[in-house]
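Keep the viewer open as you read.

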Amino acid sequence: MIVPLKLMSSNTTKMCVVLGVTGGIAVYKACEILRLLQKQGIDVYVVMTKNACKFVSPLTFETLSGHPVAVDTFERPATWEVEHIALAKRADLFLIAPATANIIGKMACGIADDMLSTTVMATRAPIMLAPAMNTGMWDNPATQQNLQTLASRGVHIVSPANGYLACGDTGAGKLEDVAVIAQRAMEVLFAKRDLEGVRVMVTAGPTREAIDPVRYISNRSSGKMGYAIARAAQMRGADVTLLTGPVSLSAPQGVRVVPFTTTQDLLDAALEYADAQDIIIQAAAPADYRAKEIAGQKIKKKDGEDMVLRLVENPDVAATIGKKKREDQVFVGFAAETNDVTAHAQGKLMKKNLDMIVANDVTAPGAGFDVNTNIVTLMTRDAMRTLPLMSKDDVAGCILDAVVSLRNEKNLKHP
Ligand code: CTP
């Protein structure tokens with residue numbers, strides 16, 4: 001269901017969606033999206049690629065939107081002249097529907113060679129893509145990788161539906177239902193900004209403890225959960241510092257990134273930044289032990305003999321931060337468990353002086369390492385709530401909702 005118009009106060013200036021339309025048979029459905037958004041009181045400006053114009057005339061979009069349609073940076077008629085930077089700035093949301101494999105590839109690689117790609121590159125507004133293409137193009141690893149890159153930068157993707165496609169194939173690639181796209185657009189337009197100006201530090205990913213110049217001790221943390229929290233906090237208006245271990249994810253745009261390798265590095269960075277924060281979320285997976293001695297040369301195999309590696313304990317970063325935590329800070333940790341989940345998590349909550357712990361059974365299907373979903377229990381000192389299986393992005397949203405409640409309980413005001 002579409003977010004109702006009454007959510008907008010009557011004296012607010014109209015929200016603006018810049019609708020990018022790229023060339024595919026689904027172009028005609030963009031007209032319907034435009035109308036659905038207008039019915040919700042949204043002002044829509046349209047930017048089309050040259051190929052999109054082969055399917056539907058710019059005149060159709062110009063008539064429907066009541067605004068000139070921007071087509072090409074150099075060849076547009078003077079009367080349609082719309083400065084692409086002005087359009088990029090005007091957008092409260094930049095929605096591209098349908099989005100072809102071509103525009104997805106260009107955005108992932110930072111190519112700006114026409115009106116649409118330059119405008120979307122210049123915008124600071126949230127971006128949403130509703131892809132539509134042939135199944136083979138959708139399944140192509142290049143397309144999937146490009147989408148992952150864009151998603152990790154905070155671009156919202158409305159995945160295509162399965163169905164009978166114009167090319168005669170059946171499978172994924174059909175533009176999602178226009179009502180669903182309009183609904184998702186409305187959700188982003190009216191997303192919460194309840195962390196405006198609040199300083200949030202998120203730690204994410206594994207540490208690496210060297211054994212010799214070619215080997216290290218690490219763990220299976222992918223960093224996905226921490227990155228999802230950083231992205232969600234940034235979208236809600238927070239000033240985000242992301243301390244990150246070695247992961248293969250791109251950091252969300254606009255976030256301060258501080259890399260770390262070892263647990264000691266993480267501790268040093270966390271101590272440097274912790275004091276300035278309102279919220280600290282320790283989602284990293286630091287190694288509890290490191291090699292007592294790091295060999296200067298590659299350790300050679302000794303045939304037939306066991307290998308003994310002596311390890312020494314690393315500092316507990318969360319416990320150290322917990323000791324220094326001020327009353328006006330909210331501190332959240334994670335507990336990755338394989339058994340007795342809540343009992344272990346409760347123990348860590350107290351021991352590390354956390355305000356909340358996010359406990360998960362990493363052996364449960366759909367939870368834990370390197371998957372895009374999670375099943376978690378949010379535990380504070382006096383309450384506990386288990387969330388159903390959901391995407392890590394949705395888990396991130398629920399964690400931040402709980403953090404905002406904790407801040408309200410502590411009577412903490414926004415800066
Ligand atoms: N943590 C930390 N420093 C460490 C180990 C863990 O800051 N050296 C943090 C993690 O980031 C997490 C919380 O403490 O937020 C719990 O981590 P976890 O690995 O579940 O627990 P441990 O305290 O390491 O205990 P154990 O490994 O025995 O379960």
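Axes here are lines fitted to C-alpha atoms, for helices over the stretch in contact, and angles run from 0 to 180 degrees between N-to-C directions. Helices (H or I, at least four residues) and strands (E, at least two) are DSSP runs, numbered from the N terminus. Before going on, know that this is a predicted model: local features need pLDDT of at least 70 and side-chain atom pairs count only at pLDDT 80 or more, while totals for chains, interfaces and linings use all residues. Residues are numbered from 1 along each chain as its sequence is written, and side-chain values use heavy atoms, with hydrogens and water left out.

Start with helix α10 (residues 224–235) and helix α14 (residues 392–409), whose axes come within 8 Å and cross at roughly 60°. That angle makes α10 oblique to α14; angles under 35 degrees count as roughly parallel, over 145 as roughly antiparallel, 65 to 115 as roughly perpendicular and the rest as oblique. The α10 and α14 crossing is right-handed, where right-handed says the near helix is turned clockwise from the far one by less than a right angle, and left-handed says anticlockwise.

Now look at helix α1 (residues 27–39) against helix α9 (residues 178–189): they pack at an angle of about 45°, with axes 9 Å apart. So α1 is oblique to α9, and their crossing is right-handed. Next come helix α5 (residues 101–109) and helix α8 (residues 141–152), packed at an angle of about 50° with their axes 9 Å apart. That makes α5 oblique to α8. Which hand does the crossing of α5 and α8 have? α5 passes α8 in a left-handed crossing.

Two backbone details deserve a click. The peptide bond from A97 to P98 is cis, with omega near -5°, and P98 sits in strand β3 (residues 93–99). D340 is not a glycine, yet its phi is positive, near 45°; you'll find D340 in the loop between β16 and α13 (341–351).

On to the ligand. There are 14 residues around it, and Q282, A284, A318, K348 and K352 come nearest; a residue is near a molecule if one of its heavy atoms lies within 4 Å of it. For polar contacts, look for pairs of N or O atoms within 3.5 Å. A polar side-chain atom of K348 lies 2.7 Å from a ligand oxygen atom, and a polar side-chain atom of D288 is 3.0 Å from an oxygen atom of the ligand. From A336, a backbone N or O atom lies 3.4 Å from an oxygen atom of the ligand.

How much of the ligand does the protein bury? Taken alone, the ligand exposes 560 Å², and the protein buries 76% of that, with accessible areas from the Shrake-Rupley method and a 1.4 Å probe. Elements giving two or more residues to the shell are α12 (317–324) and β16 (330–337). The largest share, 4 residues, comes from β16.

Definitions and conventions:
A polar contact is a pair of N or O atoms within 3.5 Å; within protein, one must be able to donate a hydrogen and the other to accept it, and residues adjacent in sequence count only if both atoms are side-chain atoms.
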